[in-house]
Amino acid sequence: MSSPAALQAASPGAAAIAPAGTGISAPGDPRAAADTDIPAGLTPEQYRELRATLADHPQRDAEIARVAAYLQFTAQWQAFLQRRAMGAIDDDLRALARTLDDGLGERLAQREMTAGEAAFVKAALLEVLQPDAAARDAALKAWRAEADAAARAAAPPPDAREAEFARRQAAIVAAWQALPPAQRDAQRLEAELEALRRSVFTTPPAGGNNPAGGAR
């Protein structure tokens, strides 16, 4: 699929391209069905490209909605930056900041930005939404703590096989190093470690199946 950055090259909100510049798809035009119910944040061209690219995606509608939401967010962020550069903070800018603030968590959860990028956006929004510096700092610290907790909760559980492999690998290497130099066979050590790797990682982790389906 084209990256969101590439799709963003088409200006959000641009008018649909239609025969003779009418803005209406011609009768029987195969684009007509694709141009109905276009999600907010996508131009007709972007929507058609997404539908074609994701034609065989098992969750096509959900993925289209995700990309549309991301593009809408980035367009709103650019509008925010432009208005912010003008200096004045008015009700319209505050409303835009609240909209961005409401969507920031989802964009971070979808891994469309890093924690550092999200924190930068949050700090910029708080400069508009919270005039008091002390309250602003407290709000940003609280948000960081909440974001960190959410990231830890979403992280996959540790694989106990990793610790088992490390423990047994250390024992094998220590036994090899305890041998007289003349008896240290590097190829034999490598073979033993490979056998250990296969033994440990072909066994599904406790509490679930091994997604890799086999040895590393």
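**View A. Arg144 sits in helix H7**. Helices here are DSSP runs of H or I with at least four residues, numbered from the N terminus. This is a predicted model, in which local features need pLDDT of at least 70, side-chain atom pairs count only at pLDDT 80 or more, and totals for chains, interfaces and linings use all residues. Residues are numbered from 1 along each chain as its sequence is written, and side-chain values use heavy atoms, without hydrogens or water. Arg144 counts as partly exposed because its relative accessibility is 42%. The scale runs from buried (under 20% relative accessible area) to exposed (over 50%), with partly exposed in between (1.4 Å probe, protein chains only). Gly116 lies 28 residues from Arg144 in sequence, yet their C-alpha atoms are 9.7 Å apart.

**View B. The largest nonpolar core has 19 residues**. Such a core is a set of buried Ala, Val, Leu, Ile, Met, Phe, Trp, Tyr and Cys residues joined through side-chain atoms within 4.5 Å. Trp77, Phe80, Leu100, Leu104, Leu125 and Trp143 have the most contacts inside this core. At least two core residues come from each of H4 (60-85), H5 (91-109), H6 (115-129) and H7 (133-154). H6 gives the most, with seven.

**View C. Leu125 touches Trp77, Phe80, Ala97, Leu100 and Asp101**. Residues up to four places away in sequence are not counted. Contact means heavy atoms within 4.5 Å. Another core, of nine residues, lies apart from the largest one; Leu42, Tyr47, Leu54 and Tyr70 are among its members.

**View D. Helix H3 (residues 44-53) has buried residues Pro44, Gln46, Tyr47 and Leu50**. They lie on the same side of H3 because they cover an arc of only 160° around the axis. The arc is that of the directions from the helix axis to the C-beta atoms.
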